[in-house]
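This report goes through one protein model, part by part. Look at the sequence and the structure first, then read on.

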Amino acid sequence: MMTKKIVILYTELSGYMLQCFDLAQKDNFQIHVVNYPVNKEAPFVFKKNNNIIFYDRNTFLDKTSILDLIFKISPKLILISGWIDKIYLEVIKNTPSKFKRVMMIDTQWASTMKQKIWVNLFKLKYLNCIDAIWVPGEKQMKYAKKLGFNPNEIYDGLYACDISYYQEINEKWKAKKIENFPRKFLYIGRYIHSKGVEELTNTFISIIEKNKLNWELWCVGTGDLWSKRKIHKSIRHFGFVQPEDLDQIIGESGVFILPSKYEPWGVVLHEMVTSGMPILISDVVGSKNSFLKNNINGMSFSHKVKGDLESKMTSIMNLSDEELLKMGEESVHLSTRYTPEKWVDTLNKIYG
């Protein structure tokens, strides 16, 4: 069988993407990845597949050095991660059409002036250099169409969590949760303004003190706001935790909460529904349409509606164990919409 060569011009790696790369490598893809260093706010330790070749983005000083690599490898397909890296864009503009060039984006269409200007610029400068686009889901498909791609040039399912790992967590802790559902919210994310973590902790404290409710809030992550985190007897801050060490934290908590003010997609939501958790998320979370059925497996709230987070958190807190368990079951039903196996199937379709 002929080896399928691809080059991926990427930004920051993630465990879930590495898993997809691993599966693709087993499907006879030869994968070369140019990637950024690990983000200090999310210091993941990755187990890299020795059969996948990684290159440090910082060692490439200009477009010529990346182009030299591409011509040396001579892949059939080049995947480029968005438009944040201007040298990547210049590379795509300067690669001949014998290479299939596909852009990957997770940005939602928000109809802002900046996006409208960018759409026109993109069509002028880059659209003719890019053969297709790969997005996570529905909200990003709209943006892809605005950029000028035809429906047959747009692929979805760009992100998929480690389904088997989180399914195992669900199976392992299900009986214990049936016996005594944990009255604990779980937040997993960076401690930065755009994640809404300040509003979350302040709102939680206000609710439990006002209503004398016996709930806890568990928070996992780190970031610029770590030193300003709210210290309270009902809030537990774990700091950054590697994904493989999340098992007990997820198993002993009850409802996942993601209060982001900006969230292009949010793979963590996919992970938590796979773990069998009811969810409460803001309406800007990009994966909301894929993994939330309102009042079926959870609820959403809007930062634009005053008191909406407080109202929805209180509603969740007042649900019975049976109602929360039922929501968790419904989450699992939604979780297999995207999988690493489907990711590889899509890669094969794109490769052609």
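In which sense, left-handed or right-handed, does helix 1 pass helix 13? The crossing is right-handed.

## Basis of the description

This is a predicted model, in which local features need pLDDT of at least 70 and side-chain atom pairs count only at pLDDT 80 or more, while totals for chains, interfaces and linings use all residues. Residues are numbered from 1 along each chain as its sequence is written, and side-chain values use heavy atoms, with hydrogens and water left out.

Helices (H or I, at least four residues) and strands (E, at least two) are DSSP runs, numbered from the N terminus. Two strands pair if DSSP finds at least two bridges between them.

## Helix 1 and helix 13

Two packed helices are described by the angle between their axes and the distance between the axes. Axes are lines fitted to C-alpha atoms, for helices over the stretch in contact, and angles run from 0 to 180 degrees between N-to-C directions. For helix 1 (residues 15–26) and helix 13 (residues 340–351), the angle is about 60° and the axes are 9 Å apart. Helix 1 is therefore oblique to helix 13 (under 35 degrees counts as roughly parallel, over 145 as roughly antiparallel, 65 to 115 as roughly perpendicular and the rest as oblique). A crossing is called right-handed if the near helix is turned clockwise from the far one by less than a right angle, and left-handed if anticlockwise.

Contact means heavy atoms within 4.5 Å. On the helix 1 side, the contact is made by M17, Q19, C20, F21, L23 and A24, which meet P340, E341, W343, V344 and L347 in helix 13. These residues divide into nine nonpolar, one polar and one charged. Here Ala, Val, Leu, Ile, Met, Phe, Trp, Tyr, Cys and Pro count as nonpolar, Asp, Glu, Lys and Arg as charged, and the others, Gly among them, as polar.

## Helix 2 and helix 3

The axes of helix 2 (residues 63–73) and helix 3 (residues 86–93) come within 9 Å and cross at roughly 50°. That angle makes helix 2 oblique to helix 3. Their crossing is right-handed.

Where do the two helices meet? K63, I66, L67 and I70 of helix 2 touch I87, Y88, E90 and V91 of helix 3. By class, the contact has six nonpolar, no polar and two charged residues.

Strands of a sheet pair through backbone hydrogen bonds, either parallel or antiparallel.

I6 stands opposite L77 in strand 4.

Strand 8 (residues 184–188) and strand 9 (residues 216–220) are joined by five bridges, and Y187 stands opposite C219 in strand 9.

## Strands 12 and 13

Strand 11 pairs with strand 12 over three bridges, with F256 opposite I279. Strand 12 pairs with strand 13 over four bridges, and there the bridge partner of I279 is G298.

In a regular strand the side chains alternate between the two faces of the sheet. In strand 12, I279 and I281 point one way and L280 and S282 the other. In strand 13, G298 and S300 point one way and M299 and F301 the other. The four residues named in strand 12 are buried, as are the four in strand 13 (buried means under 20% relative accessible area, exposed over 50%, partly exposed in between, with a 1.4 Å probe and protein chains only).

## Two loop residues

K212 is in the loop between helix 7 and strand 9. Its phi is near 55°, a positive value in a residue other than glycine. K212 counts as exposed because its relative accessibility is 70%.

N295 is in the loop between helix 10 (288–291) and strand 13. The phi of N295 is near 65°, also positive in a residue other than glycine.
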